[in-house]
Amino acid sequence: MAAKTAKTAEDGSMVNMRLFRDNARYKDDVFVAVNGKGWLIQRGVDVEVPDYVAEVLKQSMEQDTSAAQLMEQEAELFRQESEKLG
């Protein structure tokens with residue numbers, strides 16, 4: 001996700017961004033809600049959103065990465081423990 005500051009809107013600074021799109025897991029639009037206001041972000045095209053919406057998406061991607069790393073670590077620990085037990 002690349003983002004750059006654009007103009008100022010009544011609800012904060014606006015940024016341009018593009019969410020990754022493929023034809024498998026990352027093909028659907030992404031819904032983001034902040035303080036009761038919602039946005040449906042289309043993947044694969046440049047969109048302009050408030051900076052705090054871009055921040056929510058950034059944090060979500062970082063959390064997905066952390067979760068995937070933790071799952072890999074736990075799977076490896078399970079494999080090692082299974083080998084010890086035969």
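Let's start with accessibility: a residue is buried under 20% relative accessible area, exposed over 50% and partly exposed in between, using a 1.4 Å probe and protein chains only. This is a predicted model, in which local features need pLDDT of at least 70, side-chain atom pairs count only at pLDDT 80 or more, and totals for chains, interfaces and linings use all residues. Residues are numbered from 1 along each chain as its sequence is written, and side-chain values use heavy atoms, leaving out hydrogens and water.

Now to the aromatic rings. Rings of Phe, Tyr and Trp (its six-membered ring) pair if their centres lie within 6.5 Å, with planes under 30 degrees apart counted as stacked, over 60 as edge-to-face and the rest as tilted. The structure holds two such pairs. In one, the ring centres of Phe20 and Tyr26 are 5.7 Å apart and the planes stand at 70 degrees, so this pair is edge-to-face. Phe20 is exposed, at 55% relative accessibility, while Tyr26 is partly exposed at 33%. Trp39 and Tyr52 also form an edge-to-face pair, because their planes meet at 75 degrees, with centres 5.9 Å apart. This pair links distant parts of the chain, 13 residues apart: Trp39 lies in strand β4 and Tyr52 in helix α1. (Helices, H or I with at least four residues, and strands, E with at least two, are DSSP runs numbered from the N terminus.) Trp39 is buried at 14% relative accessibility, whereas Tyr52 is partly exposed at 27%.

Strand β4 (residues 37–41) runs antiparallel to strand β3 (residues 30–34), and five bridges join them; strands pair if DSSP finds at least two bridges between them. Val30 has Ile41 in β4 as its bridge partner. Two residues lie between the strands of this hairpin, where Asn35 takes a positive phi near 50 degrees.
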